[in-house]
Amino acid sequence: MNDRAKLVTIFGGSGFLGRHVVRALARRGYRVRVACRRPDLAFHLQPLGGVGQVMAVQANLRNRASVDRAVAGADHVVNLVGILYETGRQRFPAIQGFGARAVAEAARAAGATLVHVSAIGADADSPSSYARSKAEGERAVRETVPGAVILRPSILFGPGDGFFEKFAGLSTITPVLPLIGGGHTRFQPAYVGDVAEAVARAVEGRAIAGATYELGGPEVMSFRQCMETMLAVIHRRKLLVPVPFFLARWKAAFLGLLPKPLVTVDQVRLLERDNVVSGEAMAAGHTLAGLGIEPTAAAAILPTYLWRFRKEGQFEMPGSMA
Ligand SMILES: NC(=O)c1ccc[n+]([C@@H]2O[C@H](COP(=O)([O-])OP(=O)(O)OC[C@H]3O[C@@H](n4cnc5c(N)ncnc54)[C@H](OP(=O)(O)O)[C@@H]3O)[C@@H](O)[C@H]2O)c1
């Protein structure tokens, strides 16, 4: 059978990265089954493919039987599920550790290939529970499906992202922005479309089986540089206030009580380490470039969606008179 007529089950396909992955695979002609907790709310996914090409089914990584059902008959499985903070039964070990194992076991039972999305910083010894559970998920994937391709992105940008958009939104309501840990943490922001393309290429078999890729953009930027770039795009001036890690953790302890916290104690711990592509990944060519993808610069994309946070009166309609 033509590989492109084959069925791909995507866990996490309803999310920020997931939508781009669904589109990238549908464009290639794959049939796409999106496994999500509330398929009734996943109506935004249908237009990403042709008629009947994209379907949503119910699955929860905390329910093994639902994972098996979602994978049954699939040729390829993609796991994009991740959480940034814990709520109720959505705990890091349950979702990113045991959940990753459940998906890997289901893929193995179905004889499907597996692409697993983790994160740069995944580390069993990390002070961050998020990063430890990501490492646990990677270990489970490697043990269960040794040929799986693991993709570890740095922070992602694109419309609806949880970093540049979040801080751009914050800058519309506050005169100051916090530079957690002094703003020195280094990132390598990757465009969500490039990472989705990497996932699609891995599904097509264009990545090295069993390899772990680290996906970063063309520039390494400190937290401060990220904030300055974002503020320049939205034409706002804000006071950037360095906040030492210990103070940020203390503040985050309160913010973390909100239903959708701006930052949690665990995220502050994550910021204590740089989030950039490692020398090992670069030497091995296990990067976006190694997959034949030229990384897109943040400067090319940020203005296309952050413009709505511009200061009132600073937005010019295309073609308007100066
Ligand atoms: N965004 C970034 O900057 C970034 C950076 C590095 C790595 N990553 C990794 O990339 C992946 C995708 O991230 P994202 O930003 O697209 O996240 P997202 O928008 O929050 O999407 C997360 C997805 O996980 C699904 N999900 C959550 N709990 C679930 C459960 N119990 N069972 C089944 N599905 C569940 C959600 O589906 P429903 O809620 O619809 O069920 C949603 O589709 C994650 O693994 C993340 O850790 C992201």
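This report covers the ligand shell, the nonpolar cores and several individual residues of a predicted model.

Local features here need pLDDT of at least 70, side-chain atom pairs count only at pLDDT 80 or more, and totals for chains, interfaces and linings use all residues. Residues are numbered from 1 along each chain as its sequence is written, and side-chain values use heavy atoms, with hydrogens and water left out.

## Ligand shell

The ligand is surrounded by 24 residues. A residue counts as near when one of its heavy atoms lies within 4 Å of the molecule. The closest are Ser14, Phe16, Leu17, Arg37 and Lys134. By class, the shell holds 14 nonpolar, eight polar and two charged residues. Nonpolar here covers Ala, Val, Leu, Ile, Met, Phe, Trp, Tyr, Cys and Pro; charged covers Asp, Glu, Lys and Arg; the others, Gly among them, are polar.

Helices α1 (16-27) and α4 (129-144) each supply at least two shell residues. Helices (H or I, at least four residues) and strands (E, at least two) are DSSP runs, numbered from the N terminus.

## Nonpolar cores

A nonpolar core is a set of buried Ala, Val, Leu, Ile, Met, Phe, Trp, Tyr and Cys residues joined through side-chain atoms within 4.5 Å. Buried means under 20% relative accessible area, exposed over 50%, and partly exposed in between (1.4 Å probe, protein chains only).

The largest core has 72 residues. Met227, Met230 and Leu306 touch the most other members. Helix α6 (residues 192-203) gives this core its largest share, eight residues. Another core lies apart, with 27 residues, including Val67, Phe92, Ala106 and Ala148.

Contacts are heavy atoms within 4.5 Å. Beyond four places in sequence, leucine 306 touches Phe164, Glu165, Ala168, Met230, Val233 and Ile234.

Phe164, Glu165 and Ala168 are also among the buried residues of α5. Helix α5 (residues 164-171) is largely enclosed by the rest of the structure, because six of its eight residues are buried. What do the buried residues of α5 pack against? Their partners are β7, β8 (176-180), α7 (223-233) and α11 (298-306).

## Residues in the strands, helices and loops

Leucine 156 sits in strand β7 (residues 156-157). Its relative accessible area is 16%, so leucine 156 is buried. Setting aside residues up to four places away, leucine 156 touches Phe16, Leu17, Asp161, Ala190, Val192 and Val195. Phe16 and Leu17 are also among the residues closest to the ligand.

Alanine 26 belongs to helix α1. Alanine 26 counts as buried because its relative accessibility is 6%.

Helix α3 (residues 92-110) contains glycine 97. Is glycine 97 buried or exposed? At 4% relative accessibility, glycine 97 is buried. Glycine 97 and alanine 135 are 38 residues apart in sequence, yet 7.8 Å apart in space, C-alpha to C-alpha. Contacts of glycine 97 beyond four places are Phe92, Ser133, Glu136, Gly137 and Ala140.

Glutamate 105 is also in α3. Glutamate 105 is partly exposed, with 25% relative accessible area. Leaving aside neighbours within four places, glutamate 105 contacts Arg64 and Thr144. The C-alpha atoms of glutamate 105 and threonine 144 are separated by 6.2 Å, at 39 residues apart along the chain. With arginine 64, glutamate 105 makes a side-chain to side-chain polar contact of 2.6 Å. A polar contact is a pair of N or O atoms within 3.5 Å; within protein, one must be able to donate a hydrogen and the other to accept it, and residues adjacent in sequence count only if both atoms are side-chain atoms.

Histidine 235 lies in the loop between α7 and β13 (239-243). Histidine 235 has a positive phi of about 55°, although it is not a glycine. With a relative accessible area of 36%, histidine 235 is partly exposed.
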